[in-house]
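Trainee: I have a model open and would like to go through it with you. Can we start with the overall picture and then move to details?

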Amino acid sequence: MPMSINYRINAGQLPADHWVHDPEVGGGRIIGEACHFIDLVQHLSGSKIKSVAANAVKNSENLLDNVTIQLEMQNNSIASICYFSNGSKQIAKEYLEVFCSGKTAIVEDFKKLTLANNKVEKVKGEQDKGYDQEITSFVASIKEGKEAPIPAEELFLTTLASFKVLES
């Protein structure tokens with residue numbers, strides 16, 4: 001089923017001379033960080049990325065750290081990623097909404113999950129972005145000779161989409 005995804009990232013401002021902004025070291029904020037959000041929405045949609053468009057707030061330092069990214073998937077899912085560095089530190093970093101078939105899931109900073117269908121269910125917990133499980137799964141795939149947890153094609157498409165954001 002096609003879904004609509006809205007992902008807001010309140011990344012926080014970094015100085016223009018920060019290593020993250022260096023294309024040779026950190027890749028810039030799109031290649032170095034926003035790529036992970038592109039990867040996640042592609043995975044959640046269960047489909048390959050079909051088209052990419054983006055708009056950025058222009059600033060005097062030519063930093064691409066306030067960007068909206070629109071993705072369309074082959075299964076007609078759509079995603080909007082709002083990557084902003086100009087917000088308040090008082091607001092959570094990540095807010096993810098997924099809408100599909102009359103259901104909604106909201107993840108707030110990977111600490112709180114709200115599921116809504118016929119009723120609303122809220123779950124709170126410790127922040128877990130899955131890093132430990134990701135590394136464990138990757139190492140196990142190598143040791144056991146199994147496929148990697150994230151298919152190479154997905155990684156390629158995420159990388160390509162990240163470059164398309166810069167082009168756009």
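Trainee: How many helices and strands does the protein chain have?

Mentor: This is a predicted model. The protein chain has three helices and eight strands. Read from the N terminus, the order of elements is β-α-β-β-β-β-β-β-β-α-α.

Trainee: What part of the contacts with a separation of 6 or more comes from residues 24 or more positions apart?

Mentor: Such residues account for 53% of those contacts.

Trainee: Changing topic to rings. How many aromatic pairs does a search of the whole structure find?

Mentor: It finds two. One of them is Tyr 7 with Phe 37, an edge-to-face pair with 5.2 Å between centres and 80 degrees between planes. Tyr 7 belongs to strand E1 (residues 4-10) and Phe 37 to helix H1 (residues 28-45), so this pair ties together parts 30 residues apart in sequence.

Trainee: Are Tyr 7 and Phe 37 buried or exposed?

Mentor: Both are buried.

Trainee: Why is the pair of Phe 37 and Tyr 83 called tilted?

Mentor: Planes under 30 degrees apart count as stacked and over 60 as edge-to-face. The planes of Phe 37 and Tyr 83 are at 40 degrees, with the ring centres 6.2 Å apart, so the pair is tilted. Phe 37 in helix H1 and Tyr 83 in strand E4 (residues 78-84) are 46 residues apart, so to speak a link between distant parts of the chain. Tyr 83 is buried, as is Phe 37.

Trainee: Which residues do the ring pairs link into a cluster?

Mentor: Tyr 7, Phe 37 and Tyr 83.

Trainee: On to the strands. In what sense do E2 and E3 pair?

Mentor: Antiparallel, over seven bridges. In this pairing Ile 49 has Met 73 of E3 as its bridge partner. E3 and E4 are also antiparallel, over six bridges, and Thr 68 stands opposite Cys 82 in E4.

Trainee: Which residue takes a positive phi in the hairpin of E3 and E4?

Mentor: Asn 76, with phi near 75 degrees; the hairpin has four residues between the strands.

Trainee: Which side chains of E3 point to the buried face?

Mentor: In strand E3 (residues 67-73) the side chains alternate.

Trainee: What is Val 52 in contact with, leaving aside neighbours within four places in sequence?

Mentor: Gln 70, Leu 71, Ala 161, Lys 164 and Val 165. Val 52 sits in strand E2 (residues 49-56), and its C-alpha atom is 5.8 Å from that of Gln 70, which is 18 residues away along the chain. Val 52 has 23% relative accessibility, so it counts as partly exposed.

Trainee: Last topic, charges. How many salt bridges does the count come to?

Mentor: Six. Among them is Glu 33 with Lys 93, at 3.4 Å from N to O. Glu 33 is in helix H1 and Lys 93 in the loop between E4 and strand E5 (94-100), 60 residues apart.

Trainee: Where do Glu 153 and Lys 48 lie?

Mentor: Glu 153 is in helix H3 (residues 152-167) and Lys 48 in the loop between H1 and E2, so their pair ties together parts 105 residues apart in sequence. The closest N and O atoms of this salt bridge are 3.0 Å apart. Glu 153 is partly exposed at 43% relative accessible area, and Lys 48 is partly exposed at 35%.

Trainee: And what does Glu 72 meet in a salt bridge?

Mentor: Lys 50, at 3.6 Å from N to O. Glu 72 lies in strand E3 and Lys 50 in strand E2, so this pair ties together parts 22 residues apart in sequence. Glu 72 has a relative accessible area of 27% and is partly exposed.

Technical notes:
Residues are numbered from 1 along each chain as its sequence is written. This is a predicted model: local features need pLDDT of at least 70, side-chain atom pairs count only at pLDDT 80 or more; totals for chains, interfaces and linings use all residues. Side-chain values use heavy atoms; hydrogens and water are left out. Rings of Phe, Tyr and Trp (its six-membered ring) pair if their centres lie within 6.5 Å; planes under 30 degrees apart count as stacked, over 60 as edge-to-face and the rest as tilted. Helices (H or I, at least four residues) and strands (E, at least two) are DSSP runs, numbered from the N terminus. Buried means under 20% relative accessible area, exposed over 50%, partly exposed in between (1.4 Å probe, protein chains only). Contact means heavy atoms within 4.5 Å. Two strands pair if DSSP finds at least two bridges between them. A salt bridge is a side-chain nitrogen of Lys or Arg within 4 Å of a carboxyl oxygen of Asp or Glu.
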